[in-house]
Amino acid sequence: MIFDVLILGGGAAGMSCALVLGSAQNKPFGKEKRIGIVLHQRSSALDRAVFYNALGLEPGLLGKDILQKGADQLSKYYPDIKQITKEKVVNIEQNQNVFAVKTNKNSYFAKKIVIAIGPSNLNQIAGIKEFIIPHQKIEAVKERIQLKNTDHLVKKDMYVAGVLAGHRSQFAIACGSGAAVATDILTEWNHGKHTMIHDAID
Ligand SMILES: Cc1cc2nc3c(=O)[nH]c(=O)nc-3n(C[C@H](O)[C@H](O)[C@H](O)COP(=O)(O)OP(=O)(O)OC[C@H]3O[C@@H](n4cnc5c(N)ncnc54)[C@H](O)[C@@H]3O)c2cc1C
């Protein structure tokens, strides 16, 4: 089985990306697309965070609860998205037009990937080292990294989202970045016609 898109990392950016992609599954261009997310959540910035300054979140919400609620929301509303839990990506290779993504337990194949694993220089995955540069918007002493990209695109079919894309570390920015990548992918699936997904009350 080959995923149409596989998201690597299930924090703020990765889960936001998955939610927006999932919300397009009843559109003609989103139907039957195989979407997956590697939800390794052991080293998320959300682990220790508590939120008072993020619009729409109940003040005092804990980041670790967002990790769980996000996965639950995905399961409940977009059950066709495959959640791959308790696996850590260790290697990415591209052969012709397919990415081979290796975790510590399995291998997966995908036409497009979204890398959203945060900016730690400890999270390095073989196969993306050529794109790594020092983070341009976090002070150098913290030794954070980002991937070189143009508007989230690292190279054809390889996207980066969240703080690893070079954004400052704020929850709303990371979520927005993941959502932006999702709409870029949806636009591609919709043959270049600019696309966004809005649910509305009748
Ligand atoms: C202590 C603390 C307090 C904060 N407080 C606030 C605040 O008050 N307001 C605010 O706006 N922001 C706050 N933030 C920042 C906010 O949490 C981050 O900006 C946001 O979570 C970044 O989203 P991200 O998706 O880029 O990374 P993350 O949310 O960190 O997600 C990255 C995900 O990738 C996974 N991952 C890592 N390596 C791999 C791998 N090899 N394979 C698979 N998965 C992998 C991780 O487990 C994690 O789930 C805080 C951060 C911290 C650390």
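The second largest pocket has a volume of about 290 Å³, in a model that is predicted rather than determined by experiment. Here a pocket is an open set of points on a 1 Å grid over the protein atoms alone, with protein on both sides within 12 Å along at least five of seven lines, whereas a cavity is a set where a 1.4 Å probe fits but cannot get out; lining residues have an atom within 4 Å of a point. Grid points are joined across faces, edges and corners, and a volume is the space filled by probe spheres set on the points. Local features need pLDDT of at least 70 and side-chain atom pairs count only at pLDDT 80 or more, while totals for chains, interfaces and linings use all residues. Residues are numbered from 1 along each chain as its sequence is written, and side-chain values use heavy atoms, with hydrogens and water left out.

Thirteen residues line the second largest pocket, and Leu57, Ile66, Gly70, Gln73 and Phe171 lie nearest its centre. At least two lining residues come from each of α1, α2 (63-77) and α3; helices (H or I, at least four residues) and strands (E, at least two) are DSSP runs, numbered from the N terminus. By class, this lining holds eight nonpolar, four polar and one charged residue. In this division Ala, Val, Leu, Ile, Met, Phe, Trp, Tyr, Cys and Pro count as nonpolar, Asp, Glu, Lys and Arg as charged, and the others, Gly among them, as polar.

Turning to the largest pocket, its volume is about 980 Å³. Its lining is made of 45 residues, with Ser44, Ala45, Leu46, Gly118 and Pro119 nearest the centre. Two or more of these lining residues are given by each of α1 (12-22), β3, β6 (89-95) and α3 (171-189), and α1 provides the largest share, three residues. The lining of the largest pocket comprises 23 nonpolar, 16 polar and six charged residues.

Val50 is partly exposed, at a relative accessible area of 41%; buried means under 20%, exposed over 50%, and partly exposed in between (1.4 Å probe, protein chains only).

The next topic is charge pairing. Side chains of opposite charge can pair when their charged atoms come close. The whole structure contains six salt bridges, each defined as a side-chain nitrogen of Lys or Arg within 4 Å of a carboxyl oxygen of Asp or Glu. Lys112 and Asp157 form one of them, their closest N and O atoms being 2.9 Å apart. Asp157 lies in the loop between β11 (153-155) and β12 (158-160) and Lys112 in strand β8 (residues 107-115), so this pair ties together parts that are 45 residues apart in sequence. Lys112 is buried, with a relative accessible area of 8%. A salt bridge also joins Lys112 to Glu188, with the closest N and O atoms 2.6 Å apart. Because Glu188 lies in helix α3 and Lys112 in strand β8, this pair ties together parts that are 76 residues apart in sequence. Glu188 is partly exposed at 38% relative accessible area. Together with Lys156, the residues Lys112, Asp157 and Glu188 are linked in a network of salt bridges. Lys142 pairs with Glu139, with closest N and O atoms 4.0 Å apart, and Lys142 is partly exposed at 45% relative accessibility.

Backbone geometry brings Asp157 back into view. Most residues other than glycine have a negative phi, and most peptide bonds are trans. Asp157, although not a glycine, has a positive phi of about 70°, and counts as buried at 10% relative accessibility. His152 likewise has a positive phi, near 80°. His152 lies in the loop between β10 (145-147) and β11 and counts as buried at 7% relative accessibility.

Finally, Met196 lies in the segment after α3 and is exposed, with a relative accessible area of 60%. Met196 and Ser23 are 173 residues apart in sequence, yet 9.7 Å apart in space, C-alpha to C-alpha.
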